[in-house]
Amino acid sequence: MTAAKSGDSGLLEMLREAYDLYQVEVVNQGKLYQRYADDFVYSHEFHDAIDAWSKNEHQKNYRILDSLLTNRRDLVENYFNKSGVSEAELREMLNLFNTTLPSSNTFVARKKVREASDLNLCSCLDNDDLSVLARCCNEAKIFSEVIYASDLLSLLDGKLSMPLHSRNNRLVAFFFDQLSLYNLIIRNWQNVLAHQRCIVSSTGKDTLTQKSLSSALYSIVDLELSAQEKIIDDAVRPIGLKYQRKRNTDK
């Protein structure tokens, strides 16, 4: 059973959970801030309480955290980047949230975050990584074209001048799902690719939609990787683990 986070103590408890998750995902794992913020908010909306007071109080605290993480990234990063934070500091943070306005240099509104994720896949890959993945795409025959690191960078940044052509929709879906699995691109990659209209379906009739990508991903059998899926996994896994080790080292 998930208890409602009600009253002052509930707000502090939710804020503490947000801090703990920030330390794990952003500080230790290098997760993008906007992904961390969205994931935290979406995972704390509902509870199992049935009385009106608990529902209202939880909803109030939930909205406070939503607004804080969305609109006051400056405060969040200032307090959450500390190796430890006391209850007094959390209360001080809430007081500043209630009494001050964000700096124009650090303000990140949710609308801007959503627009940014519509434009690109928020990749953190360098040129060496892109070269490895481009060779993987060619070896696994994911696309009809032979692609290079520069092509893959344009694809991830949403800047392709011409769409690529899928040779196998299932492999396209598997490739991007593996990148997302290792936090190398955003989790919402299906929506982004569909919005960009950047990959023509293997049927040649239209670009891949969210529905076609989801269907292709659903068709993948979990029991054993195909030879092409293994090529993809062998290329993506070391890159994902490399970034994981780097983030742990830099902590």
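Modeller: A nonpolar core is a set of buried Ala, Val, Leu, Ile, Met, Phe, Trp, Tyr and Cys residues joined through side-chain atoms within 4.5 Å. This model is predicted. Its largest nonpolar core has 41 residues.

Biologist: Which residues have the most contacts inside this core?

Modeller: Phe175 and Phe176. Leaving out residues up to four places away in sequence, Phe176 touches Leu121, Leu155, Leu156, Ile185, Trp189, Leu193 and Ile199.

Biologist: What other core lies apart from it?

Modeller: Another core, of 26 residues. Leu11, Leu65, Val76 and Val85 are among them.

Biologist: Where is His44 found?

Modeller: In the loop between helix H2 (33-42) and helix H3 (52-71).

Biologist: Why is His44 called buried?

Modeller: Buried means under 20% relative accessible area. His44 has 16%, so His44 is buried. His44 touches Met14, Glu17, His58 and Tyr62, not counting residues up to four places away in sequence.

Biologist: Which residues make the contact?

Modeller: From H1, Gly7, Gly10, Leu11, Met14, Leu15 and Ala18. From H3, Trp53, Glu57, His58, Asn61, Tyr62, Ile64, Leu65 and Leu68.

Biologist: How many of the residues of this contact are nonpolar, polar and charged?

Modeller: The contact of H1 with H3 has 9 nonpolar, 4 polar and 1 charged.

Conventions:
Residues numbered from 1 in each chain as written. Predicted model: local features only at pLDDT ≥ 70, side-chain atom pairs only at ≥ 80, totals over all residues. Heavy atoms only, no water. Buried < 20%, exposed > 50% of the residue type's maximum accessible area, 1.4 Å probe, protein only. Contact = heavy atoms within 4.5 Å. Helix = DSSP H or I, 4+ residues; strand = E, 2+ residues; numbered from the N terminus. Nonpolar A, V, L, I, M, F, W, Y, C, P; charged D, E, K, R; others polar.
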